[in-house]
Amino acid sequence: MLIKFKSSDHIGENQVTDESVYHNRRDMLKKMGFVGTGALMAATTPSRAASLSLFGGDQAQGAVNPNLKALDFSAEKSAQALGQVQTPELKATTHNNFYEFGTQKNQPSELAQNFKVNPWQLKISGHVENELTLDYDDLFNKFALQERIYRLRCVEAWSMVIPWIGFPLAELIKLAKPTSDAKYVAFKTLYDPEQMPGQASRRIGGGIKYPYIEGLRLDEAMNDLTLMSVGMYGKALPNQNGAPVRLVVPWKYGFKSIKSIVSIELTKRRPKTTWNILAPNEYGFYANVNPDVSHPRWSQASERRITTGGLFARNRIETLPFNGYGEQVAHLYKGMNLRKNY
Ligand code: MTE
């Protein structure tokens, strides 16, 4: 996020984004014959054992899940029907921010190729009655997987439209049974400098203090939009996109969507977060997408939507408050000064 973009492209009137992809999409799926989550689930995970073998194994990266193909296709169609052009898979998997594998956009897809994501352990701890450790297979089998098309808006003022596969973080938190002391949720990425060259070298990793850490307020974490993602485009997550499990918080700038998570801790106090530690005047704890509050180096009034038009195509669109998800999340910030709490 240290790279500057020119902001000379102007906004095309025909390129304004839609309001609420997620709920509209549910209506779309109904119209297209998927009735409710149950049917969606049936299409996504025919059985625990089947989904395990389709997703799992050492070859998980980019593994094709035939049972998701129909859904993948419908996702593309429904994205288009909603006036969204889905970002091509190749763009979403080669234009990445994952500083553990380099600060250049093309580096993670190259340097993360041999990253081992199985076996994996994700620990849920802190102010909970029921500490949990999920292994690799649990990530794909313990919860009903859903597909959700979300916009991903980076603070660098580019955005994508991505069909994620995952489960609501709320389901995992409920399983851990937070105590009344739990007010926040702290996340941590794997620390393994032998596998992650950016953690071993300041030059490659941009001088961040690793492991990468992030946090949410408990009510933000429990919001239905907050997704633990294990896949995209009908396949398991590629390593460069945060395999085997990452967070997706679509109304916040992308840096909140922490990748390759090994720890989720329920805390009493607000957790520290990587970018806020690095530059507190630039990156706040909340990081809600807000066109009215500019980053010192990037206006947030508009964004470059990465679609088929090429990296430098004139596809600049207006940025919406909460990235267009205000209906679902604005109530979480009622009465708060969003200029101060950026
Ligand atoms: N998580 C970790 N561990 N390390 C990172 O460098 N970058 C963040 C976020 N999660 C990052 C991370 C940023 S700045 C963005 S915009 C998104 O991941 C990018 O996700 P993508 O590469 O899948 O588009």
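Reader: How far does a polar side-chain atom of Thr-189 lie from a nitrogen atom of the ligand?

Author: A polar contact requires N or O atoms within 3.5 Å of each other. The pair formed by a nitrogen atom of the ligand and a polar side-chain atom of Thr-189 is separated by 2.9 Å.

Reader: What percentage of the area that the ligand exposes when taken alone does the protein bury?

Author: Taken alone, the ligand exposes 540 Å². Its location is the largest cavity. Of the exposed area, the protein buries 100%.

Reader: How many charged residues are in the shell around the ligand?

Author: The ligand is surrounded by 17 residues, with Tyr-99, Glu-100, Arg-246, Ser-257 and Lys-259 the closest. By class, the shell divides into 8 nonpolar residues, 6 polar ones and, as charged residues, 3.

Reader: Over which residues is the pLDDT below 50?

Author: The average pLDDT of the protein chain is 82, and 74% of the residues score at least 70. Where pLDDT is low, predicted coordinates should not be read in detail. The stretch with pLDDT below 50, which has 135 contacts beyond near neighbours in sequence in the model, is residues 2–71.

Key:
Residues numbered from 1 in each chain as written. Predicted model: local features only at pLDDT ≥ 70, side-chain atom pairs only at ≥ 80, totals over all residues. Heavy atoms only, no water. Near = heavy atom within 4 Å. Polar contact = N/O pair within 3.5 Å; in protein donor to acceptor, adjacent residues only side chain to side chain. Areas by Shrake-Rupley, 256 points an atom, 1.4 Å probe, with all protein chains shown as cover. 1 Å grid on protein atoms, 1.4 Å probe; cavity = no way out; pocket = protein on both sides within 12 Å on 5 of 7 lines; lining within 4 Å. Sits in = over half its atoms within 2 Å of the grid points. Nonpolar A, V, L, I, M, F, W, Y, C, P; charged D, E, K, R; others polar. pLDDT = per-residue confidence, 0-100. Contact = heavy atoms within 4.5 Å.
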